[in-house]
Amino acid sequence: MADVAELVAPTTLPALRQLLEQITKGQVALRLGAQARRVLTAMVEQPQRAAVSTISQLATELGVNASTLSRLAQRLGYSGFNDLQAVFRRELTEGSHFYSEQASRLQLGGSEADGLSQFTRLARQESANLATLVGSIDATQLEASTRLLVSARKVRVHGVRQLASIALFMSYGLGLIRDEVALLDPAQQGVAQGLAPLSEDDVLVVVSCFPYSSAVLKTAEVARSQGIPLIALTDSASSPLARLTPHMFQVPTHSLFYSNSMCSFMLLAEGLLAEVAHILGDQGVETLQRREALITALQERI
């Protein structure tokens, strides 16, 4: 058993998670009370909330005093709460172990003997995510965001890694029913050049969830500083994107898959596009017909 004096404050989330497990099993001399263990467990299980909340906000959400968080950090070997929070903030933008940890949880799932295949268990989890999303949609927020997508002079959509697929789908789908829609794609003209022509008359749709892409976060921050309206599709009210815009949709991503769930993101994207099409009415139909005519003409020439 390691002596308390020998313990070094973890510098990564996996190391902090391991220390919590050792404390729980009594494998280290460090002891934490039930409340401190509950708080640390909550922080480890929701690292994005721990990373972006102030000490006061986090204390309120966890039902403790801010001093409890300070004492917990010091008990773990940190100089204070800021040093403890830095572990979560590094994980927020790096997320180097996220996918492997998700894969490990998948391997730890129930066996076939429990009557549920991995596919069935995954489907039930996704069904729960979809139900949570539907229940969380605010009608006023939905209308405001879709009208922004209708009225904006230009629409740009930005997402990377697996969420690039959602960004591509939204750009393609919206581009079928209105003009001046495109991806903010670093592989094409570059993010900076893509942002440069935008103004307060346009809108940027950003898509990101934990582990958040620093590129998407920086792009959103720059857009906001330039007065460009934002619509954010993200996973939590404590997401760093959530504080940048009132037009934010919280998408549940909990999954037995080895990465974040995409089902709820896709449903939200389809819902937003369907509502835009409804508002555009005949104008959207005419634009779609014009696109179809061009596609047909091109196919005949190929």
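View A. Helices (H or I, at least four residues) and strands (E, at least two) are DSSP runs, numbered from the N terminus. Axes are lines fitted to C-alpha atoms, for helices over the stretch in contact, and angles run from 0 to 180 degrees between N-to-C directions. Helix α12 (residues 214-225) also packs on the sheet, where α12 touches β1, β3 and β4. The direction of α12 makes about 160 degrees with that of β3. Contact means heavy atoms within 4.5 Å.

This is a predicted model, in which local features need pLDDT of at least 70 and side-chain atom pairs count only at pLDDT 80 or more, while totals for chains, interfaces and linings use all residues. Residues are numbered from 1 along each chain as its sequence is written, and side-chain values use heavy atoms, with hydrogens and water left out.

**View B. Five strands form an open sheet with parallel pairing.** The strand order is β2-β1-β3-β4-β5. At the edges stand β2 and β5 (248-250), each pairing on one side only. From one strand to the next, the twist averages 15 degrees. Strand β1 (residues 155-158) runs parallel to β2 and is joined to it by three bridges; two strands pair if DSSP finds at least two bridges between them. Val 155 stands opposite Val 181 in β2.

**View C. The second largest pocket has a volume of about 200 Å³.** A pocket is an open set of points on a 1 Å grid over the protein atoms alone, where a 1.4 Å probe fits, with protein on both sides within 12 Å along at least five of seven lines; lining residues have an atom within 4 Å of a point. A volume is the space filled by probe spheres set on the points. The lining includes Leu 168, Tyr 172, Asp 179 and Arg 291. Helix α10 (164-177) and strand β2 (181-183) each give two or more residues, and α10 gives the most, with five.

**View D. Helices α2 (residues 34-45) and α5 (residues 66-75) cross at roughly 85 degrees.** Their axes come within 11 Å. Gln 35, Ala 36, Val 39, Leu 40 and Met 43 of α2 meet Thr 68, Leu 69 and Leu 72 of α5.
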